[in-house]
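Hi there,

Here is the structure I promised to pass on. Have a look at it first, and then read on for what turned up.

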2 protein chains.
Amino acid sequence: MAVTVSTILASKGADVSTIGPDQTLEDALVLLAEHNIGALVVSEDGGTVDGILSERDIVRRLHTHGRDCLGDPVRAAMTSEVSTCHGGDTSDQLMAKMTERRFRHLPVVDGDRLAGIVSIGDVVRFRILELETQAQSLREYVTGSSY
Amino acid sequence: MAVTVSTILASKGADVSTIGPDQTLEDALVLLAEHNIGALVVSEDGGTVDGILSERDIVRRLHTHGRDCLGDPVRAAMTSEVSTCHGGDTSDQLMAKMTERRFRHLPVVDGDRLAGIVSIGDVVRFRILELETQAQSLREYVTGSSY
């Protein structure tokens, strides 16, 4: 049975840290530290996905705009074209999507509403479990050790 | 045949972007952007591993010390206790190490000299290849389709 986004959310929970687009990058620094995470979903009302703001987005903006950009609104630095995923997506699909576009965080949407977030770290942890279980089952079938 | 660190380096190359401990965080922003990467190995001479400086280290320091910390030396913000890996380590070992300590980058050392770096993205890419190949071989053995 393949690991899906729903499996991952059932284990880690559906909580997502969001920030409003008009809050500042300084506000974002506080939230990232408080929750010990690498990205925030940008949302007007806590339910829409208007963008994503990662550590990388902040670091790149500091490079291009200098240190005073920390007073800028989140909307100026966020990634607006967000890749999202759905409850039924498998870990294979997640890994492929993250690898292709070099995204480390994918918000989970149900309809167009935010329903969770998965990080590359979450996917790796579950993918290990999944594939080790599969390989073990096949080995047992081949060697007959389970019969 | 398990994917090892050496396999990954043979594909991606052994180049590592380093920064001196007395360079500033502002210098680090430039290097991270130029190379489009998420972490720099901190090294006095380009061969020792004296620390690692990630986007997270910079973002956390900005949170605790304010925007003027960008003039601080790298040594003030870097992670000094670095987890490293070796050419013979398998992708399983890398994933476990990255998951346990939530590190996304592991410098590769040969003796005590820097020999490359692997990111969680590299490991994911190769782990997919490895396990899909294994699963396919086992399926073929079970179904006899390769005989």
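To follow the contacts below you need one cut-off: a salt bridge here is a side-chain nitrogen of Lys or Arg within 4 Å of a carboxyl oxygen of Asp or Glu. Please also keep in mind that this is a predicted model.

**Between the chains**

With that rule, the count between chain B and chain A is 9 salt bridges. Over all chains, the count comes to 21.

Glu26(A) and Arg67(B) meet through their side chains in a salt bridge, at 2.8 Å from N to O. That pair crosses between chains: Glu26(A) sits in helix 2 (residues 25-35) of chain A, while Arg67(B) lies in the loop between helix 3 and helix 4 (74-77) of chain B. The other pair is Arg104(A) with Glu55(B), a salt bridge whose closest N and O atoms are 3.4 Å apart.

Which helices of chain B each supply at least two residues of the side that touches chain A? They are helix 2 (25-35), helix 3 (55-65), helix 5 (91-101) and helix 6 (120-143). Helix 6 of chain B gives the largest share of that side, with 11 residues. Sorted by class, the side of chain B that touches chain A has 17 nonpolar, 7 polar and 12 charged residues.

As for extent, 36 residues of chain B are in contact with 36 residues of chain A. Together the two chains bury about 3,500 Å² between them, and 62% of that is on carbon and sulfur atoms.

**How the two copies are related**

The same surface serves both copies, since 100% of the contact residues of chain B recur in chain A.

**Inside each chain**

Chain A has 6 helices and 5 strands. Along the sequence, these elements of chain A follow the pattern α-β-α-β-β-α-α-α-β-β-α. The C-alpha trace of chain A spans about 65 × 30 × 25 Å along its principal axes.

Chain A contains an open sheet of 3 strands in the order 1-2-3, with mixed pairing. Its edge strands are strand 1 (18-19) and strand 3 (51-54) of chain A, each of which pairs on one side only. Strand 1 of chain A runs parallel to strand 2 (residues 39-42) of chain A, and 2 bridges join them. For a place to start, Thr18(A) has Val41(A) in strand 2 of chain A as its bridge partner.

In chain B, 3 strands likewise form an open sheet in the order 1-2-3, and the pairing is mixed. The edges are strand 1 (18-19) and strand 3 (51-54) of chain B, each pairing on one side only. Strand 1 and strand 2 (residues 39-42) of chain B pair in the parallel sense over 2 bridges. Here you can look at Ile19(B), whose bridge partner in strand 2 of chain B is Val42(B).

Best wishes, and happy viewing!

Key: Residues are numbered from 1 along each chain as its sequence is written. Chains are lettered from A and ligands numbered from 1 in the order in which they are written. This is a predicted model: local features need pLDDT of at least 70, side-chain atom pairs count only at pLDDT 80 or more; totals for chains, interfaces and linings use all residues. Side-chain values use heavy atoms; hydrogens and water are left out. Contact means heavy atoms within 4.5 Å. Buried area is the accessible area (1.4 Å probe) that two parts lose on being put together, summed over both. Helices (H or I, at least four residues) and strands (E, at least two) are DSSP runs, numbered from the N terminus. Ala, Val, Leu, Ile, Met, Phe, Trp, Tyr, Cys and Pro count as nonpolar, Asp, Glu, Lys and Arg as charged, and the others, Gly among them, as polar. Two strands pair if DSSP finds at least two bridges between them.
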